[in-house]
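Please open the model in your viewer and keep the sequence panel beside it. The stops below say what to select next and what is found there.

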Amino acid sequence: MQLNRKKKTSQETTPVTRKLPKAPTGIQGLDEITGGGFPAGRPTLICGSAGAGKTLLSMEFLVRGAIQYNEPGVFMAFEETAAELTQNVRSLGFDLDELVKEKKLAIDYVRIERSEIDETGDYDLEGLFIRLGAAIDGTGAKRVVLDTIENLFAGLQNQGILRAELRRLFRWLKDRGVSAVITAERGEGALTRHGLEEYVSDCVILLDHRITDQVSTRRLRIVKYRGTAHGTNEYPFLIDEDGFSVLPVTSLGLQHQVSEERISSGIPRLDTMLGGKGFYRGSTVLISGTAGTGKTSLSAHFVDAACRRGERCLYFSFEESPGQIVRNMRSIGLDLGQWIKKDLLRFHSTRATFYGLEMHLAIIHKIVQEFQPRVVVIDPVGSLIQAGNRRDAHIMLIRLIDFLKQKGITAFLTNLTGGGEAIEKTDVEISSIVDSWLFVRDIELGGERNRALYVLKSRGMAHSNQLREFLLTERGIDLLDVYVGPEGVLTGSSRLSQEARENAEAMARKQEAERRDRERRRKREALETRIAALRKEFQTEEEDADSLGAEEVLRERVISHTREVLARSRQADKEPNKTDSNGSKNRNKRQHEKASRQ
Amino acid sequence: MKKPADSDQQPMSLKEIGEQGGEPGEVWELRLYVAGQTPRSVAAFANLKKICEEHLPGRYNIEVVDLIKHPQLAAGDQILAIPTLVRKLPQPLRKIVGDLRDTERALVGLQLRPASPEK
């Protein structure tokens, strides 16, 4: 009881975490999974089979230490000469000669030729200690690499002495306070062939170069790391022109930032289908479809739109070469070449079977880190299955999507749906983790195939539920309404014939209306003519009536005149003369009036 | 590991040895690498001298290199183990590591005696 209490108090007083000092490797990803690098001032064992990258990893540890962390180093090579080493790592951009000249690095090549050496009696490895000590003192080294110290076992016979001396060596390295890296060959059933792991117990890293189905994958695992919580998984790593890089792929979570920004798909009509604004930035878009339905064309449109906005795009193509894609897209009116020239668009084309899955993932990571794109296209994701099995591909894609999401990169994935499979399904079962899923399918009708597109899902937006006919024209992708007929949707020629039919009907209707219009006009004209004729008739009648009246007056006048003449002739007198002149004047006036009325 | 008691009392200089072997013909150039005056290096030197006196009287030069004083010399002859005896001449180069306690093996190593079939 009392003991328990005592224990408790002592536990409380001791500091909970004391961070182990670390010597950062400067290698992308490795520092992350080791919590900051190799243990400082202690030896680290790197083991692996031949060609696993032991020498390179240890050399990079030294070079980066010398350049980035101002920690000079000593490389004691038991396998390769300084000249060979210099040449080998020059391809990775390391100039050892320069570092040696600046006294930031010392390379000591130790050659042991068993045929030259005989052993008689006792000895120790003080010579090695002295050489190492001189090199450390000469450069002020903080880091030491012994590559591969196991060669001593081949050169010297007395194992007892050797083991005792190695123990002393590691002790000595610790005492000197250098961060040492010791490399060793992988042994049968053990980490190292000669059991070096029993001397180096602080940090053991295993490199693996595995060939599965003729495809090689490099993997790294931290077997042991005293005093540090480390990732226990196998991490894929890459060796390329920039050296080593390790992918801390499983450390990704779901804490990525989300964006409210919407970006265009490059096809106005498709944007309309996606709630009017397009995709969310940083979302994952999947395009599924059977062969030849225009998945790459859709991707190209998206890329073109992004480049037009001045954003960088990275296009991973597993089936077509960049040149082929650029040429093919030109046929639908997209000039991707201009974006490549402006370095807004980069293609990365490899066969899926060329590397293992992890390698693909590693390469994608690396290029994304380097190029920092806003949009990444993977065309098609399904082909990655060829590089591994279905489960691996699935895990890898989830990692990849998480990685891209974390960086706020919009991912555009295409996936080929096989003929016999369920259509709304992906080979790699990623449909549940994508945000937007567009589907392009064939519609076979009336003896031809046509393309149709619909939005299967699109998270966080009110998207259209309509099927659209999808046309590839010289000016790009066109989306058209589809006709829904008794046999289903109508596309292509069926749609065209339906359109023609409707056009004909409309034409007929129009002609009918025009005909009626003409008839009405004719009727009106006829009526108007008749009205005019009637009016004329009436006028004539009126005129006739007028002229009759005038004759009557004239006749009366004539009669009265005749009467006057008669009267004059009967009784001559002065008065009728006057009336005669008056009467003729009156008659003239009347005639004149009549003429003006007519 | 017992060291020979007599070795301590022989303050032998290089020059002395060199002067002793002055015969024309095949002169053996031997170099012994040591690290300080450890009992093992002293024993090695004594053993070496004994062999030379017996088998190469007057036809040998021994150079003793103390790596503690001249650490940079270790790389030249690829020295790891101490003590190491290097036969520079006659060619080819031979190396014998150890305190030369086993005279038979030392002789074989120096090619003063062919390796016996049973060994």
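Predicted model: local features only at pLDDT ≥ 70, side-chain atom pairs only at ≥ 80, totals over all residues.

Residues are numbered from 1 along each chain as its sequence is written, and chains are lettered from A and ligands numbered from 1 in the order in which they are written.

Select chain A, which has 16 helices and 25 strands; helices (H or I, at least four residues) and strands (E, at least two) are DSSP runs, numbered from the N terminus. Of its 598 residues, 40% count as buried, that is, with 20 or more other C-beta atoms within 10 Å of their own, the C-beta atoms being placed from the backbone.

Next, select the side of chain B that touches chain A: 31 residues of chain B are in contact with 22 residues of chain A, contact meaning that C-beta atoms, placed from the backbone, lie within 7 Å. Strand S4 (94–97) and helix H3 (103–109) of chain B each supply at least two residues of that side.

Now select strand S6 (residues 117–119) of chain A, which runs parallel to S4(B) and is joined to it by 3 bridges. Here Glu119(A) stands opposite Val97(B).

Finally, select helix H13 (residues 357–371) of chain A, whose 15 residues reach 21 Å from first C-alpha to last. Its buried residues include Leu357(A), Met359(A) and His365(A), and the helix is followed by Gln372(A), whose phi is positive, near 50 degrees.

Technical notes:
Buried ≥ 20, exposed ≤ 12 C-beta atoms within 10 Å, placed from the backbone. Contact = placed C-beta atoms within 7 Å. Pairing = 2+ DSSP bridges. Expected span 1.5 Å × (residues − 1).
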